[in-house]
Amino acid sequence: MSPPGANVHETTENYLNHPTFGLLYGVCPLQDNQELFTTIYAMRLFFVITYNGVDIHVEPVGRADSRLLIENYLRRLREQGNLQEYKKILCRYQQIFQVKTVAL
C-alpha cells in the first residue's frame with residue numbers, strides 16, 4: 001500500500017505524514033490496502049490506515065490491540081513459510097514492544 005504522502009524506500013519501509021501526530025511508521029500490512037502504523041519516535045500511538053484508492057481512513061487503535069494485530073500477522077507469515085518477512089516483522093515487534101521471543 002502506498003497512499004499519497006507516503007515515502008516508500010527501497011527497504012520497503014512505509015512512512016505517512018499525519019497532520020496531528022507527525023511522521024508515522026508502517027509496522028506491518030494487515031489486509032489488502034490496510035496497514036498498521038505507529039508514531040515514529042515514541043511508538044506508543046497506533047493507527048490502522050486504510051487506503052481505498054481515493055481516500056485514506058485513519059483509525060486509532062490501542063497498544064494491546066496493535067500487539068494482537070502484529071502477532072496475528074506473524075502467525076500468518078509463519079504458516080505461509082515466509083521466514084524472511086517473518087524475521088523482519090518479528091524484529092519490529094520486539095523493538096516496539098521490547099519483548100524477547102524465541103526465533104524459528
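Setting aside neighbours within four places in sequence, Ser66 is in contact (heavy atoms within 4.5 Å) with Leu36, Phe46, Val61 and Phe97. Keep in mind that this is a predicted model, where local features need pLDDT of at least 70 and side-chain atom pairs count only at pLDDT 80 or more, while totals for chains, interfaces and linings use all residues. Residues are numbered from 1 along each chain as its sequence is written, and side-chain values use heavy atoms, with hydrogens and water left out.

Ser66 sits in helix H1, residues 63–80; helices (H or I, at least four residues) and strands (E, at least two) are DSSP runs, numbered from the N terminus. Ser66 counts as buried because its relative accessibility is 0%, and buried means under 20% relative accessible area, exposed over 50%, partly exposed in between (1.4 Å probe, protein chains only).

Stepping back, the elements run β-β-β-β-β-β-α-α from the N terminus. Of the chain's 104 residues, 38% count as buried.

Now for Phe97, which is among the buried residues of H2, along with Glu85, Tyr86, Ile89, Leu90, Arg92, Tyr93 and Ile96. Looking down the axis of H2, these buried residues fall within an arc of 165 degrees (taken from the directions from the helix axis to the C-beta atoms), so they line one face of the helix. That face packs against strands S3 (22–31), S4 (34–39) and S5 (46–51), and against H1. On the other side of H2, Gln84, Lys87 and Gln95 are exposed. Just after H2, Gln98 takes a positive phi of about 50 degrees.
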